[in-house]
Amino acid sequence: MSIDFEIDERTDGIARRTTAFVRDVVLPEEQASDGNVHAGPEPLRRRLQEAARTAGVFAPHVGAEWGGLGLDLRGQAVVFEAAGYSLLGPLALNCAAPDEGNMHLLEIVATEKQKERYLRPLAAGEVRSCFAMTEPAPGAGSDPRALATTATRTTGGWRIDGRKWFISGADGAAFIVCMARTSGVPGDRGGATMFLVDAGNPGMKIVRNIDTLDQGLFGGHSEIVFDGCEVGDDAVLGEVEQGFPYAQVRLGPARMTHCMRWLGVARRAQDIALDRAADRSAFGRPLAELGMVQQLLADNEIDIETGRAVLWRACWELDQGRTAAQHTSIAKTYVSEAVNRVVDRAVQVCGALGISGDVPLSRLYREVRPFRIYDGPSETHRWAIAKRAVRAARERRAVR
Ligand SMILES: Cc1cc2nc3c(=O)[nH]c(=O)nc-3n(C[C@H](O)[C@H](O)[C@H](O)COP(=O)(O)OP(=O)(O)OC[C@H]3O[C@@H](n4cnc5c(N)ncnc54)[C@H](O)[C@@H]3O)c2cc1C
């Protein structure tokens, strides 16, 4: 089967409109803000999303039935990268994490009634959401099987107990997709179920908003306690005990959409470095003519182009309906590290200016670092990539 990376006319049009929209509308808003949106300033979100709607670039990833533009993952790769050029671009297009991943999950797994109640307002930008998997030690982290939050049967529903942390966007979210164990014990392979928990549930409480290196995720990252949190049977998302497979439905594409958005940031960092290298002279010539600066700039181009290639490869596979476990792991690991290298080199090219607030590089620098940890740390992905490679080699040997 040939790999098709052709960008059709419609996608190209949306990408061009997104580029213009980010340049003309979003970047001025970003420059006017101090870069910290953890407190979730609602008027800013509403204003940007209304403008995106007017520009015809709102919700590019969601099906037309839910008010979106219905792009496949290869189409999203082009448009999300254009949106990611500003830290506020994905929020404006309503394709930022964690909402974008939750929309995808709900579109695939939710009942029609749940879609009307949760997906429709989410896709329209009327509400925000979050996804709660990670727990403080010894609970779920890199190893989801350590899941310790429990959901036990009650008459007509479930009672959820446990503690989650680093839950992005929780503060101000209308609902939470919560992973809880409905059977077995921490360490078991299965036994997880997803629940839709409304923000007003008295059994659920945000106990703190965590102070973190990054500041650009709307709503920040919270620690949440579920203490006798009662929900009905209609709160179960999909089927009971299918939580881990559903997490993969969400995480495979969600890892790729993170790569898309962060590639936009890498492009922006490189553009800043290219401008500085052309304008600033040292030792009688522009920085751009000094060999070691050229190496930094060239390595950035190589990282961006290679990252985009492995990302598009994984997206193509997902668009074929495959799980693409190996290629999404490769893309996530490569792009998360490449983006960090690109921003770091851009800072170096700009010298002291690079770490000042006069250019946005220092903002980009702190935003990209956590990407090497969430959606699976690099080490966890490398471990899984090697295991799959070894298994495939064994299978090849067995048929020889
Ligand atoms: C900014 C940010 C936002 C987040 N948002 C969310 C969210 O919205 N919802 C949510 O549920 N979670 C979220 N998380 C949590 C994130 O998913 C976890 O941090 C991640 O899964 C790693 O888990 P952990 O932090 O418990 O690290 P641990 O599991 O304690 O791992 C620590 C380190 O151990 C090493 N390691 C792990 N596995 C292996 C291995 N197999 N081989 C070798 N070394 C290994 C890695 O170096 C890893 O970084 C977020 C995290 C951050 C930083």
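A polar side-chain atom of Ser-168 sits 2.8 Å from a nitrogen atom of the ligand. I call that a polar contact, meaning a pair of N or O atoms within 3.5 Å; within protein, one atom must be able to donate a hydrogen and the other to accept it, and residues adjacent in sequence count only if both atoms are side-chain atoms. Taken alone, the ligand exposes 980 Å², and the protein buries 65% of that. Those accessible areas come from the Shrake-Rupley method with a 1.4 Å probe, and for residues only the protein chains shown count as cover.

Before going on, the provenance. This is a predicted model, in which local features need pLDDT of at least 70 and side-chain atom pairs count only at pLDDT 80 or more, while totals for chains, interfaces and linings use all residues. Residues are numbered from 1 along each chain as its sequence is written, and side-chain values use heavy atoms, with hydrogens and water left out.

Back to the ligand. An N or O atom in the side chain of Ser-142 is 2.7 Å from a ligand oxygen, and a polar side-chain atom of Glu-379 is 2.9 Å from an oxygen atom of the ligand.

Helices (H or I, at least four residues) and strands (E, at least two) are DSSP runs, numbered from the N terminus.

Next, Gln-270, which lies in helix 7, residues 243-279. Gln-270 has a relative accessible area of 0%, so it is buried. Buried means under 20% relative accessible area, exposed over 50%, and partly exposed in between, with a 1.4 Å probe and protein chains only. The side chain of Gln-270 makes a polar contact of 2.9 Å with that of Glu-301. Leaving out residues up to four places away in sequence, Gln-270 touches Leu-297, Asn-300, Glu-301, Ile-304 and Val-342; contact means heavy atoms within 4.5 Å.

Now cysteines. How many disulfides are there? The count is zero, where a disulfide is a pair of cysteine sulfur atoms within 2.5 Å. For Cys-315, the closest cysteine sulfur is in Cys-259, 8.1 Å away, which is too far for a bond. Cys-315 is buried at 0% relative accessibility, and Cys-350 is buried at 4%.

Last, the backbone. The peptide bond between Ala-97 and Pro-98 is cis, with omega about 0 degrees, and Pro-98 is in the loop between helix 4 (89-92) and helix 5. That loop also holds Asn-94, whose phi is near 60 degrees, a positive value in a residue other than glycine. Asn-94 is buried at 3%. A cis bond also runs from Ala-137 to Pro-138, with omega near 10 degrees; Pro-138 is in the loop between strand 1 and strand 2 (150-154). Asp-375, in the loop between helix 10 (361-368) and helix 11, has phi near 60 degrees and counts as buried at 15%.
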